[in-house]
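Thanks for coming, everyone. I have one structure to walk through today. Here it is.

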Amino acid sequence: MAWGWIRANKVKIGVAAVTLLLVFYLIVTFDRARILLMDPQPVAKGIGLAYLVLPVVGAWALVRELSFGARLERMAKELDAEGGLPEDNLPRTAAGRIVRTAADAEFEQYRAEAEAAPDDWRSWYRLGLAYDASGDRKQARSSMRRAISLYRAP
């Protein structure tokens, strides 16, 4: 039973582990910055101040990515409940990767859907999934951000 739960939640467990490691790193970095800022040497204070930027930027990036993932998960559940989540039936290589030509062929359908309904978050979400399957992570994230902004809009 425990193995089934672990297998079903392995992505969340991985995210939690990386988050804990990053939080530990941020705490240690903040502590080192504090120590350097207490040093009487101006150079040490300057390094401490620069070191202080790392935990701030790291915490901001962590919160941003976790909220991005949580919103996408919430949207996926809603889309799945509506029956609008695309079925994952693309062929895969022996290593488990999606065959790019098959993903590219299916991509046009989702692009046309997003162009036809530019104010529908569902079409942008599906387009983001299509971009991801085609291997274009940058465009996938952009489409997902657009879907999130449309999802939040009244």
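First, a definition: buried means under 20% relative accessible area, exposed means over 50%, and partly exposed is in between, with a 1.4 Å probe and protein chains only. This is a predicted model: local features need pLDDT of at least 70, side-chain atom pairs count only at pLDDT 80 or more, and totals for chains, interfaces and linings use all residues. Residues are numbered from 1 along each chain as its sequence is written, and side-chain values use heavy atoms, with hydrogens and water left out.

Let's start with helix α2, residues 10-38. Helices here are DSSP runs of H or I, at least four residues, numbered from the N terminus. Helix α2 has 29 residues and reaches 42 Å from first C-alpha to last. That is close to the expected 42 Å at 1.5 Å a residue; the expected span is 1.5 Å times one less than the number of residues. Its buried residues are T19, L26, T29 and A33. Their cover includes α3.

Now the surface. Y25, V43, I47, Y51 and L54 form a nonpolar patch with about 470 Å² of accessible area together. Patch residues have over 30% relative accessible area and no salt bridge; nonpolar side chains (Val, Leu, Ile, Met, Phe, Trp, Tyr) are joined within 5 Å, like charges within 9 Å. Helix α3, residues 42-82, gives the largest share, four residues. Y25 lies in α2. Y25 counts as partly exposed because its relative accessibility is 43%.

Next, charges. Side chains of opposite charge can pair when their charged atoms come close. A salt bridge is a side-chain nitrogen of Lys or Arg within 4 Å of a carboxyl oxygen of Asp or Glu. The whole structure has 13. One of them joins E73 and K12, at 3.0 Å, N to O. That pair links distant parts of the chain: E73 in α3, K12 in α2, 61 residues apart.

E78 bridges to R122, with the closest N and O atoms 3.8 Å apart. Here α3 is linked to α5, across 44 residues.

R137 and D132 also meet in a salt bridge, at 2.4 Å, N to O. R137 is exposed, at 54%. D132 is partly exposed, at 32%. Shared partners also join E78, E82, D120 and R122 into one network.

Last stop: S123, in helix α5, residues 121-134. Buried or exposed? At 0% relative accessibility, S123 is buried. S123 touches E113, A114 and A117, not counting residues up to four places away in sequence; contact means heavy atoms within 4.5 Å.

Conventions. Areas by Shrake-Rupley, 256 points an atom, 1.4 Å probe, with all protein chains shown as cover. Helix = DSSP H or I, 4+ residues; strand = E, 2+ residues; numbered from the N terminus.
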